[in-house]
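Please examine the following protein with attention to its pockets, its packed helices and the backbone of its loops. The account below takes these topics in turn.

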Amino acid sequence: MKGSSRCVFSILFIVAALPIITAKSQAQTRQTTGSRALTLGIVFQGGAEPVKKHFHPLVDYAARKLSPNGATTGIVMVAPTQGQMMKLLEEKRVDFYMESAYPTYLINRLGTARILLRRWKGGVDEYRSIIFTRERGSITRLDDLRGKIMAFEDPGSTSGYFLPKLLLLKKGFAVLEKANLETKVAANEIGYIFAGTSDKVVSLVLQEKLAAGAISSDDYSGLEDKNKRMIAVLGETEPMPRHLLSVRKDLPEPVVKRLKEVLLNMHQDEEGRKILREADGTTRFDLLPGGEERIRRTLIEVYRQRRTK
């Protein structure tokens with residue numbers, strides 16, 4: 001019986017060890033055959049599997065184009081925060097990622113990655129912010145906002161906060177956050193509160209509870225005609241890329257060059273267009289307007305003033 005027990009234990013040990021041995025063997029095989037991975041990073045708080053399902057065809061397509069002989073495989077890695085994405089880039093576990101302007105600024109500002117391409121999302125390449133008031137009201141120009149309170153969307157919104165605030169600061173206005181609608185505002189300053197959503201911003205202005213508000217050009221275009229007719233535009237900001245694609249700083253230049261070429265041409269074949277649509281409504285990738293340095297400087301200018309009072 002003791003001998004039989006030892007035999008059964010030995011068999012169980014071997015069976016349990018097989019996955020480990022197999023995985024190690026596969027890893028060694030990939031190393032010896034020159035197999036490589038191209039890894040796309042996505043920042044998302046929540047279940048990783050649905051995100052991987054949407055984006056894996058895109059990175060797999062790019063991997064196949066980079067290495068037609070199948071030596072490169074596509075991987076999607078999901079990080080819950082921008083900080084975690086920075087860590088993955090530093091550890092060379094992610095090769096490229098896609099994000100909107102503000103998260104891109106946060107991730108890239110210490111040199112972890114650099115912007116490579118602009119991503120068209122939902123058919124939109126860029127957007128701007130619109131500062132508006134109620135039509136036929138007492139406010140007819142930006143100067144009329146002195147001594148009054150306006151609404152921004154939320155502290156992390158590019159079009160609903162950063163861009164319009166920067167526009168006002170550039171024009172020499174003192175722009176200060178207030179606790180609520182009843183807070184007193186000095187005659188030489190513009191006060192603001194955060195409404196939470198673009199719909200709430202529009203509602204507060206049309207109800208004349210606030211002097212003005214700021215929303216994105218996308219949100220403005222989506223307003224009902226009756227609301228558009230009740231709005232007077234006071235100013236518009238410079239455009240900002242809708243979405244961006246960045247590569248880690250030390251990704252080999254030949255890989256960067258080929259990846260760039262593949263993504264730029266992806267929308268030109270039927271398979272590529274289908275995969276792009278499935279990747280969260282991507283339309284295409286194109287070159288950065290004015291180049292990487294111009295976009296990088298724009299992000300720095302817009303976001304480093306986010307706590308300016």
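In this predicted model, helix α11 provides the largest share of the lining of the largest pocket, namely five residues. That helix spans residues 292-303, and two other elements, α5 (158-170) and the strand β12 (240-241), likewise supply at least two residues each. The space within the largest pocket amounts to about 400 Å³. Its lining consists of 18 residues, of which Glu238, Pro239, Met240, Arg294 and Thr298 are the closest to the centre. Sorted by class, the lining of the largest pocket holds nine nonpolar, two polar and seven charged residues.

The second largest pocket has a volume of about 270 Å³. Among the 14 residues that line the second largest pocket, those closest to its centre are Ile42, Val43, Phe44, Phe55 and Asp280. Four elements can be named as giving two or more residues to this lining: β1 (36-43), α2 (48-66), β3 (96-99) and β4 (113-121). Which of them makes the largest contribution to the lining of the second largest pocket? The largest share comes from α2, with four residues. By class, the lining of the second largest pocket comprises seven nonpolar, two polar and five charged residues.

Helix α2 also takes part in a helix pair. In general, two packed helices are described by the angle between their axes and the distance between the axes. For α2 and helix α9 (residues 253-265), the angle is about 120° and the axes lie 10 Å apart. The pair is therefore classed as oblique, because angles from 65 to 115 degrees count as roughly perpendicular and only those over 145 as roughly antiparallel. The crossing of α2 and α9 is right-handed. The contact of α2 with α9 contains eight nonpolar residues, no polar residues and two charged residues.

A further helix pair is formed by α3 (residues 82-90) and α4 (residues 101-108), whose axes come within 9 Å and cross at roughly 50°. At this angle, α3 is oblique to α4. Helix α3 passes α4 in a right-handed crossing. Which residues of α3 and α4 meet? From α3 come Gln82, Met85, Met86 and Leu89, and from α4 come Pro103, Leu106 and Ile107. The contact of α3 with α4 has six nonpolar residues and one polar residue, with no charged residues.

Lys92 is not a glycine, yet its phi is positive, at about 60°. A second residue of this kind is Glu208, which has a positive phi of about 60° although it is not a glycine. Glu208 lies in the loop between α6 (198-206) and β10 (212-216).

Terms used:
Residues numbered from 1 in each chain as written. Predicted model: local features only at pLDDT ≥ 70, side-chain atom pairs only at ≥ 80, totals over all residues. Heavy atoms only, no water. Axes fitted to C-alpha atoms, helices over the stretch in contact; angles between N-to-C directions. Parallel < 35°, antiparallel > 145°, perpendicular 65-115°, else oblique. Left-handed = near helix turned anticlockwise from the far one by under 90°. Contact = heavy atoms within 4.5 Å. Nonpolar A, V, L, I, M, F, W, Y, C, P; charged D, E, K, R; others polar. 1 Å grid on protein atoms, 1.4 Å probe; cavity = no way out; pocket = protein on both sides within 12 Å on 5 of 7 lines; lining within 4 Å. Points joined across faces, edges and corners; volume = space filled by probe spheres on them.
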